Each structure stands twice: as C-alpha cells, then as structure tokens.
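Hi everyone, thanks for making time this morning. I'd like to walk you through one protein model, from its overall layout to a few side chains. Here it is on the screen.

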Amino acid sequence: MSLQTIEINSVKIIFDKEKTKEYRSDFNKPCDYQDCRNYYKNIQNNFELVEFLSGFGIDYNCTEEVFSWDLGNDNDALIHHEGY
C-alpha cells in the first residue's frame with residue numbers, strides 16, 4: 001500500500017492513488033444518458049478539475065451517479081452537474 005498525503009488549505013487528504021485507479025464497479029462505466037453525456041462534455045473542458053481528480057487516480061468518466069438540473073426557469077439558465 002502506497003499512501004500519499006496532500007494538504008488543501010487546512011485539510012489533509014490521505015489516499016492510495018493506485019488503489020483508487022483500480023477501483024471500478026459495474027456502475028463505474030461511462031453511460032450514454034443525456035445527463036451523463038452533458039456532464040462528461042462539460043467536465044472535460046475544465047482542465048484544472050480533471051487534473052485535480054487525476055491526481056487522486058479518479059477518472060471523471062467513471063462516475064457512479066450524475067445529477068443535472070437547471071438553476072433557473074428560462075432557456076438561458078445555468079445547468080448544474082454533479083458526479084459521484
């Protein structure tokens with residue numbers, strides 16, 4: 001086991017990057033639902049976030065759940081995406 005520690009502000013995160021990379025379940029595969037496609041499309045453009053997640057061994061294409069919703073009542077509303 002090769003644990004790594006990073007500190008972000010005053011929070012210490014201890015993790016095993018290789019074990020995280022190895023973790024996959026039947027639910028951790030890219031899906032083709034509209035919300036998932038939108039999530040993948042938008043997150044891939046956020047290079048800083050993708051790099052941050054990769055630092056932990058997390059592949060943003062392998063989320064267990066994706067939630068998306070409009071934050072307003074018009075066609076120009078911001079859409080919020082969350083992936084777990």
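This is a predicted model: local features need pLDDT of at least 70, side-chain atom pairs count only at pLDDT 80 or more; totals for chains, interfaces and linings use all residues.

Reading from the N terminus, their order is β-β-α-α-α-β-β.

The chain has 84 residues, and 20% of them are buried. If you take the contacts in the chain with a separation of 6 or more, 39% join residues 24 or more positions apart.

Now for the inside. Which residues make up the largest nonpolar core? There are eight: C36, Y39, Y40, I43, V50, L53, Y60 and V66. Two elements give two or more residues to this core, namely α2, residues 34-43, and α3, residues 47-55. The largest share comes from α2, with four residues. For background, nonpolar side chains tend to be buried together in soluble globular proteins.

Leaving aside residues up to four places away in sequence, Y60 touches Y39, Y40, I43, Q44, V50 and L53.

Y60 also takes us to the largest pocket, where Y39, I58, D59, Y60 and T63 are the lining residues nearest the centre. The lining has 20 residues in total, and the space in this pocket is about 300 Å³. The elements giving two or more residues to the lining are α2, α3 and β4, which spans 79-83. Here α2 gives the most, with three residues. What classes of residue line the pocket? The lining has nine nonpolar, eight polar and three charged residues.

Last stop: charges. How many salt bridges does a search of the whole structure find? The search finds one. It joins the side chains of D32 and R37, at 3.8 Å from N to O. In general, side chains of opposite charge can pair when their charged atoms come close. Is D32 buried or exposed? D32 has a relative accessible area of 59%, so it counts as exposed, the cut-off being over 50%. R37 is at 41%, so R37 is partly exposed.

That's my tour, and I'm happy to take questions.

Methods:
Residues are numbered from 1 along each chain as its sequence is written. Side-chain values use heavy atoms; hydrogens and water are left out. A nonpolar core is a set of buried Ala, Val, Leu, Ile, Met, Phe, Trp, Tyr and Cys residues joined through side-chain atoms within 4.5 Å. Buried means under 20% relative accessible area, exposed over 50%, partly exposed in between (1.4 Å probe, protein chains only). Contact means heavy atoms within 4.5 Å. On a 1 Å grid over the protein atoms alone, a cavity is a set of points where a 1.4 Å probe fits but cannot get out, and a pocket is an open set with protein on both sides within 12 Å along at least five of seven lines; lining residues have an atom within 4 Å of a point. Grid points are joined across faces, edges and corners, and a volume is the space filled by probe spheres set on the points. Ala, Val, Leu, Ile, Met, Phe, Trp, Tyr, Cys and Pro count as nonpolar, Asp, Glu, Lys and Arg as charged, and the others, Gly among them, as polar. A salt bridge is a side-chain nitrogen of Lys or Arg within 4 Å of a carboxyl oxygen of Asp or Glu.
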